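Here's a quick briefing on the model shown below. Have the viewer open while you read.

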Amino acid sequence: MTWSTVYEPHNLGPWGADGKHHPHTHADFDEMLMFLSLDQNNLTDLHAVADFCVGEDGDDQEHYLLTKATIMAMKKGTPHLPLTFTEVSAPTVFITCGNH
């Protein structure tokens, strides 16, 4: 399990030789990715905008714009990332955990 508090816009994902973030997979475990609010008065509002990508690079890659507290489940072998926090108006928490 890993977690981080997100304070400002940034990108996550493996760097390629081209200097860009690219998808990756986990061949031997499923992964949960959690995007959680720290706002005790409104736990559903992420206070951020995150672009989470699923699938291989290219036209078929799916983009999910996250603005609410969300859990994404990635089955083993599913390409995912990059993840780009494009806006952050208040700290939010990003947690990953896998069954390995």
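Helices (H or I, at least four residues) and strands (E, at least two) are DSSP runs, numbered from the N terminus. With that in hand, strand 6 has a covered face made of T70, M72 and M74, and an uncovered one made of I71 and A73. In a regular strand, side chains alternate between the two faces of the sheet.

This is a predicted model, where local features need pLDDT of at least 70, side-chain atom pairs count only at pLDDT 80 or more, and totals for chains, interfaces and linings use all residues. Residues are numbered from 1 along each chain as its sequence is written, and side-chain values use heavy atoms, with hydrogens and water left out.

**Strand 3 and its partners**

- Strand 3 covers residues 31-37 and is mostly tucked away, with five of its seven residues buried.
- Strands count as paired if DSSP finds at least two bridges between them; strand 3 and strand 6 (residues 70-74) run antiparallel and are joined by five bridges.
- On that side, M32 has A73 as its bridge partner, and L33 stands opposite M72.
- Strand 3 also runs antiparallel to strand 8 (residues 92-98), with seven bridges joining the two.
- Over there, L33 stands opposite T96.

**The nonpolar core**

- A nonpolar core here is a set of buried Ala, Val, Leu, Ile, Met, Phe, Trp, Tyr and Cys residues joined through side-chain atoms within 4.5 Å.
- The largest one has 16 residues, and L33, F35, F52, L83, F85 and F94 have the most contacts inside it.
- At least two of this core's residues come from each of strand 3, strand 4 (45-54), strand 6 and strand 7 (80-88).
- Strand 4 gives the largest share of this core, five residues.
- Contact means heavy atoms within 4.5 Å, and not counting residues up to four places away in sequence, F52 touches a list of residues including L33, F35, Y64, M72, M74 and L83.

**Aromatic pairs**

- Rings of Phe, Tyr and Trp (its six-membered ring) pair if their centres lie within 6.5 Å; planes under 30 degrees apart are stacked, over 60 edge-to-face, and the rest tilted.
- By that rule there are four aromatic pairs.
- F35 and F52 have ring centres 6.1 Å apart and planes at 75 degrees, so that pair is edge-to-face.
- F35 sits in strand 3 and F52 in strand 4, so the pair ties together parts 17 residues apart in sequence.
- Both F35 and F52 are buried.
- F35 and F94 have ring centres 5.1 Å apart and planes at 40 degrees, so this pair is tilted.
- With F35 in strand 3 and F94 in strand 8, the pair ties together parts that are 59 residues apart in sequence.
- Ring pairs link F35, F52, F85 and F94 into a cluster.

- H47 belongs to strand 4, and its side chain makes a polar contact with the side chain of D39 at 2.8 Å.
- A polar contact is a pair of N or O atoms within 3.5 Å; within protein, one must be able to donate a hydrogen and the other to accept it, and residues adjacent in sequence count only if both atoms are side-chain atoms.
- A90 lies in the loop between strand 7 and strand 8 and is partly exposed, at 25% relative accessible area.
- Leaving aside residues up to four places away in sequence, A90 touches V6, L46 and H47.
- The C-alpha atoms of A90 and V6 are separated by 8.4 Å, though the two residues are 84 residues apart along the chain.

Methods. Buried means under 20% relative accessible area, exposed over 50%, partly exposed in between (1.4 Å probe, protein chains only).
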